[in-house]
Amino acid sequence: MAISRKGLRALKDGALHVGSVGNIGLDRRSIHAAYRYPARFSPVFARAAIELFSAPGDTVIDPFCGGGTTGLEATLCGRHSFNSDLNPLATFLTSAKGRLYEVDDYASVERWSETCTATPMTDLYDALLEYPIPREYVGGLRRPEYNRIRAALSAWVRSATELDNGSDLSRLCLLRLGQRWLDLRKDPPTLDEFRKGLQEAVDQTIAASLVHQGAVHRRWQGELKTRRFVTEQAAIQDLRHFPALRRRSPALAVFSPPYPGVHILYQRWQVEGRAETTIPFWLAGVEGDTSATIYTLGGRGTAYIDVFIDLFTAGMKSLSELLEPGGHVVQMVGFKEPAKQLPLLLSAMNEAGFRELQYKSIATHDDGRLWRKVSSQKWYNAVLPESTPTSSEVVLIHRLD
Ligand SMILES: C[S@@+](CC[C@H](N)C(=O)[O-])C[C@H]1O[C@@H](n2cnc3c(N)ncnc32)[C@H](O)[C@@H]1O
């Protein structure tokens, strides 16, 4: 495979893309922005990696798919896409963002949101009694100042589940609404703000989905029926059991694993400072483990890094059984203690049969690799102790020998 200088430059630009993990995700017109998954990477980075290390018609896999950044970009680049994640919220988001909806779905969600925003307060409270938010999900939203918000959510989720068309799209809008008005906010919104917020979430999500849909149609044209965009809930260690993947080996994996030593709340929101709620699961209509450390590859204790490396090694071995011979892996990894943790991660890749590739033209550091400083994103602020000077992420490129 010829690796072009231009492609490498695009990869570097994508990795260093100003602002953040997810800059394009800040553009509300993009489907990426329908939900800003914690610790997501930039779509510009994912796209550059896909264009550089795969060809149209290839399959690209992201076994830690999170909010679906890789999959959405892969399909836009004419690649088949396989996405998996242990977290069912992640697989819900990837599938709901990436689906090509029918006209009836959009119309149904528009009607649903009009009804929701017009529902009088008394009916909302009735819904709260008949369809309460389950105890295991409500968390910090149990506080009395959230009564109206809980009532609205009960009514709106109940009607979303009853939709014949567009049910997942309506749930995606509710997740967007909650992330905008509940997560990391000190005070609850007023009911009026919440109602307007729903309308806005629906308008923006439908507009973005239509743009995405148009772009996919243009890219695939007459071959749309052959396109595969698959989403599965699975631990990376178990991927080898997916027959669909065995039939058609991916040429490339693009991902960010959980970051060793960095604790991220992938499935929770924080309301009023630090009170947590796992309501995203209920809004998405998924079930699964919502415990704090389940999606971090090994929790937090002192033996944490050993568990992490064991699971990571098993995951990479599983991946190596699936990838095409000569296939590539491009990953962005962040560390709490890079000097200790990077060598462990590199030997795990080695043990799984991957060989590291380095390209001088994109190196930012004497170790020959491309590093980026982590900007002040939610995960960074929320998880790293104040004494940590700066944290960095590195782009690692490997080839399956
Ligand atoms: C850094 S995030 C990926 C973000 C993604 N690149 C994006 O742009 O949205 C890491 C993901 O790994 C998932 N994960 C953790 N342990 C896993 C495991 N054993 N198998 C598969 N996925 C796992 C987490 O649920 C999380 O969604």
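Author: Helices (H or I, at least four residues) and strands (E, at least two) are DSSP runs, numbered from the N terminus. By that rule the protein chain has 15 helices and ten strands. This is a predicted model: local features need pLDDT of at least 70, side-chain atom pairs count only at pLDDT 80 or more, and totals for chains, interfaces and linings use all residues. Residues are numbered from 1 along each chain as its sequence is written.

Reader: What radius of gyration would a compact globule of 401 residues have, and what does the protein chain have?

Author: The radius of gyration is taken over C-alpha atoms, and the globule rule is 2.2 Å times the number of residues to the power 0.38. For 401 residues the rule gives a value near 21 Å; the protein chain has 21 Å, which agrees. Along the principal axes, the C-alpha atoms fill a box of roughly 65 × 55 × 40 Å.

Reader: What percentage of the 401 residues is buried?

Author: A residue is buried if 20 or more other C-beta atoms lie within 10 Å of its own, exposed if 12 or fewer, and partly exposed in between; C-beta atoms are placed from the backbone. Buried residues make up 46% of the 401.

Reader: How is the protein chain divided into domains?

Author: Domain bounds come from an automatic or database domain assignment. Domain 1 covers 5-99 + 228-271 + 292-400, and domain 2 covers 103-211. Their C-alpha centres lie 31 Å apart. Contact means that two C-beta atoms, placed from the backbone, lie within 7 Å. The contact between the domains takes 15 residues from domain 1 and 20 residues from domain 2.

Reader: Which elements each supply at least two residues of the side of domain 1 that touches domain 2?

Author: Helix H4 (88-98) and strand S5 (269-271) do. S5 gives the most, with three residues. For classes, Ala, Val, Leu, Ile, Met, Phe, Trp, Tyr, Cys and Pro count as nonpolar, Asp, Glu, Lys and Arg as charged, and the others, Gly among them, as polar. That side of domain 1 has seven nonpolar, two polar and six charged residues.

Reader: Which residues come nearest the ligand?

Author: A residue is near a molecule if its C-beta atom, placed from the backbone, lies within 6 Å of it. Of the 23 residues around the ligand, Arg40, Phe64, Gly66, Thr69 and Asn87 come nearest. The shell divides into 16 nonpolar, five polar and two charged residues.

Reader: What span should helix H8 have?

Author: The expected span is 1.5 Å times one less than the number of residues. For the 15 residues of H8 (residues 147-161) that is 21 Å; the end C-alpha atoms are 21 Å apart, which agrees. Buried residues of H8 include Ile149, Leu153, Trp156 and Ala160. Among the helices that the buried residues of H8 pack against are H5 (103-118) and H10 (191-220).

Reader: And what is the case for H13?

Author: The 19 residues of H13 (residues 304-322) should span 27 Å, and the end C-alpha atoms are 27 Å apart, which agrees. Phe308, Phe312 and Met316 are among its buried residues. Their cover includes helix H14 (338-351) and strand S10 (392-400).

Reader: Where does a positive phi occur in a residue other than glycine?

Author: Most residues other than glycine have a negative phi. Leucine 184 has phi near 60°. It sits in the loop between H9 and H10. Leucine 184 is partly exposed, with 14 other C-beta atoms within 10 Å. Glutamine 221 also has a positive phi, of about 40°. It is exposed, with 8 other C-beta atoms within 10 Å.
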